[in-house]
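Dear colleague,

Please find below the structure that I am handing over to you, followed by an account of what was found in it. I would be grateful if you read the two side by side.

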Amino acid sequence: MITIMLVDDHPVVREGLRGMLEAEPDLSVIGEAGSGDEAVALSRVKQPDVILMDLRMPGLDGVGATRKILADRPGQRVVVLTTYETDADILRAVEAGASGYLLKDASRTELAGAIRAASRGETVLAPSVAGKLVNRVRNPTASPLSAREIEVLKLVAQGSTNADIGRALHISEATVKTHLLRVFGKLDVSDRTAAVTTAMRLGLLG
């Protein structure tokens, strides 16, 4: 029997996952957590074979929780299960030590198979995610941001306001805001400072 812990801040998602997985004769859900901090604490008690980890949660997110859990138990298998598949999301999860990265549109058969594979020590990736990782390895300088988004972010790094950026690039402030929102989504951040910091860490600003 493979034991599983579910981590997601939406109770209805956890309920749906539990129903799907417990229909499999060799899978058993032994714990649920609604936040990253709760997942870290519960994993120490339950010590499941596999943890299904949501990526974006209030407070400690899935990547942070994965890092803490693996620091406690290096052999723990953590599979990210999320709706997001941006390059930055995938890289952060892989760098944190996740055993796999699946999308929430996976079928019951795919999900169960991935959990079994992870429990055996295999790496499990959604096909689209695997493709992104292969592309990243083949072309490590590839940027998840467009040329215009990098221009905007460079100006943000220089302390420019949205109005300043708009004048410099001859675009409207609304367009600047749209570019920044896309940058936030791609880099998995929520503000300008974090966007600049993350982009610099990834070497995107030159």
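**Two loop residues with positive phi**

His170 lies in the loop that links α8 and α9. Please bear in mind that the model is a predicted one. Although His170 is not a glycine, its phi is positive, at about 60 degrees. With a relative accessibility of 72%, His170 counts as exposed.

Gln47 also deserves a look: its phi is positive too, at about 45 degrees, and it is not a glycine. Gln47 sits in the loop between α2 (36-46) and β3 (50-53). Its relative accessibility is 45%, so Gln47 counts as partly exposed. As background to both cases, most residues other than glycine have a negative phi.

Thr3 itself belongs to strand β1 (residues 2-7). Is Thr3 buried or exposed? Its relative accessibility is 19%, and because the cut-off for a buried residue is under 20%, Thr3 counts as buried.

Ser28 is also touched by Glu22, along with Leu27 and Val29, not counting residues up to four places away in sequence. Glu22 is located in the loop between α1 and β2 (27-33). Glu22 has a relative accessible area of 40% and is therefore partly exposed. From C-alpha to C-alpha, Glu22 and Ile4 are 9.9 Å apart in space, with a separation of 18 residues in sequence.

**The packing of α1 against α5**

How do helix α1 (residues 11-21) and helix α5 (residues 108-119) cross? Their axes come within 10 Å and cross at roughly 80 degrees, which means that α1 is roughly perpendicular to α5. On the α1 side, the residues that meet α5 are Leu17, Met20 and Leu21; their counterparts in α5 are Arg108, Leu111 and Ile115. Sorted by class, this contact comprises 5 nonpolar, no polar and 1 charged residues.

**The nonpolar cores**

The largest nonpolar core has 21 residues, and those touching the most other members are Leu145, Val152, Leu153, Val156, Ile165, Leu187 and Ala195. Two or more residues of this core come from each of α7 (147-157), α8 (162-169), α9 (173-187) and α10 (192-201). For Val152, the contacts are Ile165, Leu169, Val176, His179 and Leu180, with residues up to four places away in sequence not counted. A second, separate core consists of 19 residues, among them Leu17, Leu52, Leu81 and Ile115. Leu17 and Ile115 also take part in the meeting of α1 with α5. In general, nonpolar side chains tend to be buried together in soluble globular proteins.

**The protein as a whole**

The protein contains 10 helices and 6 strands. Taken along the principal axes, its C-alpha atoms fill a box of roughly 60 × 35 × 30 Å. Of the 206 residues, 47% are buried. The accessible surface amounts to about 9,900 Å², and carbon and sulfur atoms account for 53% of that area. Among contacts between residues at least 6 apart in sequence, 63% join residues at least 24 apart.

With kind regards

Conventions: Residues numbered from 1 in each chain as written. Predicted model: local features only at pLDDT ≥ 70, side-chain atom pairs only at ≥ 80, totals over all residues. Heavy atoms only, no water. Axes fitted to C-alpha atoms, helices over the stretch in contact; angles between N-to-C directions. Helix = DSSP H or I, 4+ residues; strand = E, 2+ residues; numbered from the N terminus. Parallel < 35°, antiparallel > 145°, perpendicular 65-115°, else oblique. Contact = heavy atoms within 4.5 Å. Nonpolar A, V, L, I, M, F, W, Y, C, P; charged D, E, K, R; others polar. Buried < 20%, exposed > 50% of the residue type's maximum accessible area, 1.4 Å probe, protein only. Areas by Shrake-Rupley, 256 points an atom, 1.4 Å probe, with all protein chains shown as cover. Core = buried A, V, L, I, M, F, W, Y, C linked by side-chain atoms within 4.5 Å.
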